[in-house]
Amino acid sequence: MNLVTSEATQNKLWLDDLADNERLAKSDAQGEILKETQRINRSLLALGEVIFALSYKSSHVPYMFYCNN
């Protein structure tokens, strides 16, 4: 909702799991590829939790910070 003009807009956001765990297990990925895939999964999970909290107007919106370790 635009507070100045009172105009309401509605959008959709489509997310796709770019690092499917089932395919990852079958691919025998190792090393840096495995680590990067795990980071992508954690990021997508965190984003999903934030969107869920926002969509249900939760009093707490979770956020996570992941370093490259």
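**Entry 1: Ser6**

I started with Ser6, which lies in the segment before α1 (21-27). I was working on a predicted model throughout. I looked up the backbone angle of Ser6 and found a positive phi of about 60 degrees, although Ser6 is not a glycine. Is Ser6 buried or exposed? I noted a relative accessible area of 54% for Ser6, so Ser6 is exposed. The cut-off for that word is over 50%.

**Entry 2: the whole chain**

Next I stepped back to the whole chain. How many helices and strands are there? I found two helices and zero strands in the protein chain. Then I checked burial. Of the 69 residues in the protein chain, 12% are buried. I also looked up the surface. The protein chain exposes about 6500 Å². Carbon and sulfur atoms supply 56% of that area. Last came the contacts. I took those between residues at least 6 apart in sequence, and 30% of them join residues at least 24 apart.

**Entry 3: helix α2**

I turned to α2, which covers residues 31-55. At 1.5 Å a residue, the 25 residues of α2 should span 36 Å.

Which residues of α2 are buried? I listed Thr37, Arg39, Asn41, Ala46 and Ala53.

**Entry 4: salt bridges**

How many salt bridges are there? I counted two. I took them in turn.

In one, Glu32 pairs with Lys35. Their closest N and O atoms are 3.8 Å apart. Glu32 and Lys35 are three residues apart in helix α2, so about one helical turn separates them. I then looked up their accessibility. Glu32 has 54% relative accessibility and counts as exposed. Lys35 has 41% and counts as partly exposed.

In the other, the side chains of Glu36 and Arg39 meet, with 3.4 Å from N to O. Glu36 and Arg39 are also three residues apart in α2, so they too are separated by about one helical turn. Glu36 is partly exposed, with a relative accessible area of 40%. Is Arg39 buried or exposed? I noted 18% relative accessibility for Arg39, so Arg39 counts as buried. The cut-off for buried is under 20%.

**Entry 5: a nonpolar patch**

I looked for nonpolar side chains on the surface. Leu13, Leu47 and Ile51 form a patch there. Together they have about 260 Å² of accessible area. I followed up Leu47, which lies in helix α2. Leu47 counts as partly exposed, because its relative accessibility is 36%.

**Entry 6: an aromatic pair**

The rings of Phe52 and Tyr56 have their centres 4.6 Å apart and their planes at 45 degrees, so the pair is tilted. I reminded myself that a pair of aromatic rings is described by the distance of the centres and the angle of the planes. Both Phe52 and Tyr56 are exposed.

I placed Phe52 in helix α2. Its relative accessibility is 53%, so Phe52 counts as exposed. I also looked from Phe52 to Pro62, 10 residues away along the chain. Their C-alpha atoms are separated by 9.6 Å.

**Entry 7: Ala53**

Ala53 also has its place in helix α2. At 6% relative accessibility, Ala53 counts as buried. Which residues does Ala53 touch, leaving out those up to four places away in sequence? I found Ser58, His60, Val61 and Pro62.

**Entry 8: Lys57**

I finished with Lys57, in the segment after α2. I checked the backbone angle again. Lys57 has a positive phi of about 50 degrees, although Lys57 is not a glycine. Is Lys57 buried or exposed? At 73% relative accessibility, Lys57 counts as exposed.

Note on methods:
Residues numbered from 1 in each chain as written. Predicted model: local features only at pLDDT ≥ 70, side-chain atom pairs only at ≥ 80, totals over all residues. Heavy atoms only, no water. Patch = residues over 30% accessible without salt bridge, like charges linked within 9 Å, V, L, I, M, F, W, Y side chains within 5 Å. Areas by Shrake-Rupley, 256 points an atom, 1.4 Å probe, with all protein chains shown as cover. Salt bridge = Lys/Arg side-chain N within 4 Å of Asp/Glu carboxyl O. Helix = DSSP H or I, 4+ residues; strand = E, 2+ residues; numbered from the N terminus. Buried < 20%, exposed > 50% of the residue type's maximum accessible area, 1.4 Å probe, protein only. Expected span 1.5 Å × (residues − 1). Contact = heavy atoms within 4.5 Å. Phe/Tyr/Trp six-rings, centres within 6.5 Å; stacked < 30°, edge-to-face > 60°.
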